[in-house]
Amino acid sequence: LKIAAGALGELNMAYDAFVPFRDVRKLAIFGSARTDTDSPLYELTNRLAHAIVQSGWMVITGAGPGIMKAGIDGAGANHSFGVGIRLPFEPAAPESLAGDPKMVIFRYFFARKLTFVRESSGFAALPGGLGTLDEVFELLTLLQTGKTVPAPLVLVDTPDGDFWSSWRSLIRER
């Protein structure tokens, strides 16, 4: 009961953060927290977030470093939501969203993933690690089983990147 109450509290907090922006479409961006600011993937994410905001959308990221920071930087704090997770080895919220009501920190991964799926109209996944793959697999499972509203999922990489082509090969082979 304690876990359920905690998760419900987190979901309620997220609902309160998103409700003023209910009518604005949002793109969820997934990707590695380890991407350096001088990486082509960082620049690509930054440009993607900027372009999506120019089209009238907002951006949701995990509010960490790397790809997530690139998304927030590209969109700008006024057009960004952070849905972070408390981890002992990750920094707190990015400075640009510190104290912003659009920044929600979760304890439970499942509540955070539910918020991503519930609040997003589209998804962009960039190369990442286990967290990124977990989010992509969860989303694909929900889409395949009809447990969420159909939405586009775009697997994004640099022109010379092979992350998603390798991933698709693994999925096909196994």
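1. Basis. The model is predicted, with local features requiring pLDDT of at least 70 and side-chain atom pairs counted only at pLDDT 80 or more, whereas totals for chains, interfaces and linings use all residues. Residues are numbered from 1 along each chain as its sequence is written, and side-chain values use heavy atoms, with hydrogens and water left out.

2. Sheet. An open sheet is formed by six strands in the order β4-β3-β2-β1-β5-β6, with parallel pairing. Its edge strands, each pairing on one side only, are β4 (103-106) and β6 (153-155). On average, neighbouring strands of this sheet are turned by 20° against each other, direction ignored. Strands (E, at least two residues) and helices (H or I, at least four residues) are DSSP runs numbered from the N terminus; two strands pair if DSSP finds at least two bridges between them.

3. Strands β5 and β6. Strand β5 (residues 122-125) pairs with β6 in the parallel sense over three bridges. Within this pair, A125 stands opposite L155 in β6.

4. Helices on the sheet. Helix α1 (residues 2-18) packs on the sheet and touches β1 (26-30), β2 (58-61), β3 (80-85) and β4; the direction of α1 makes about 170° with that of β4. Helix α2 (residues 40-54) also packs on the sheet, touching β1, β2 and β5, and its direction makes about 170° with that of β1. Contact means heavy atoms within 4.5 Å; axes are lines fitted to C-alpha atoms, for helices over the stretch in contact, and angles run from 0 to 180 degrees between N-to-C directions.

5. K113. This residue is in helix α4. K113 counts as buried because its relative accessibility is 14%, the limit being under 20% relative accessible area (1.4 Å probe, protein chains only). Leaving aside neighbours within four places in sequence, K113 is in contact with D134, E135 and E138. K113 and L8 are 105 residues apart in sequence and 13 Å apart in space, C-alpha to C-alpha.

6. Second largest pocket. About 240 Å³ of space lies in this pocket, which is lined by 17 residues; L114, V117, R118, T148 and V149 lie nearest its centre. Helices α4 (109-119) and α5 (130-145) each supply at least two lining residues, and α4 gives the most, with five. A pocket is an open set of points on a 1 Å grid over the protein atoms alone, where a 1.4 Å probe fits, with protein on both sides within 12 Å along at least five of seven lines; lining residues have an atom within 4 Å of a point. Grid points are joined across faces, edges and corners, and the volume is the space filled by probe spheres set on the points.

How values were computed
Buried < 20%, exposed > 50% of the residue type's maximum accessible area, 1.4 Å probe, protein only.
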